[in-house]
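Subject: A structure for you to look at

Hi,

Here is the structure I promised to pass on. Have a look at it first, and then read my notes below.

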Amino acid sequence: MDYVSALVPPVVMAAFFIGLVVTIVKSQGGPNKAKEDAAVDAALSRAESARQPGPDA
């Protein structure tokens, strides 16, 4: 019976991990994709503009 108690935690964690991956894959795309992409593009452009020195540098 010790082998059962040794195998239960990895099996449970694997099941949760598979569920997480399935949820992430299913949430990709859809009607909010353009809005999410725009938010990421805006954040990247803000980060790049903050990193670049100004014209008087």
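Let's start with Met 13: its relative accessible area is 62%, so Met 13 is exposed (buried means under 20% relative accessible area, exposed over 50%, partly exposed in between, with a 1.4 Å probe and protein chains only). Met 13 sits in helix α1 (helices are DSSP runs of H or I with at least four residues, strands are runs of E with at least two, and both are numbered from the N terminus). Tyr 3 is ten residues away from Met 13 in sequence, and their C-alpha atoms are 16 Å apart.

Before you go on, two things about the source. This is a predicted model, where local features need pLDDT of at least 70 and side-chain atom pairs count only at pLDDT 80 or more, while totals for chains, interfaces and linings use all residues. Residues are numbered from 1 along each chain as its sequence is written, and side-chain values use heavy atoms, with hydrogens and water left out.

Now the chain as a whole. It has two helices and zero strands. Its radius of gyration (taken over C-alpha atoms) is 22 Å, well over the 10 Å from the globule rule for 57 residues (2.2 Å times the number of residues to the power 0.38), so the chain is more spread out than a compact globule. The C-alpha trace spans about 75 × 35 × 5 Å along its principal axes. And how much of the chain is made up of buried residues? Buried residues come to 0% of the 57.

Back to helix α1, which covers residues 2-26 and includes Leu 7. Leu 7 counts as exposed because its relative accessibility is 51%. An unreviewed UniProt entry annotates residues 6-25 as "transmembrane region" (positions follow the numbering used here, feature names are shortened, and annotations may be inferred rather than shown by experiment). That span is 100% helix and 0% strand, with its end C-alpha atoms 30 Å apart.

Finally, helix α2 runs over residues 33-51 and holds Glu 48. Glu 48 counts as partly exposed because its relative accessibility is 43%. Asp 37 is eleven residues from Glu 48 in sequence and 16 Å away, C-alpha to C-alpha.

Cheers
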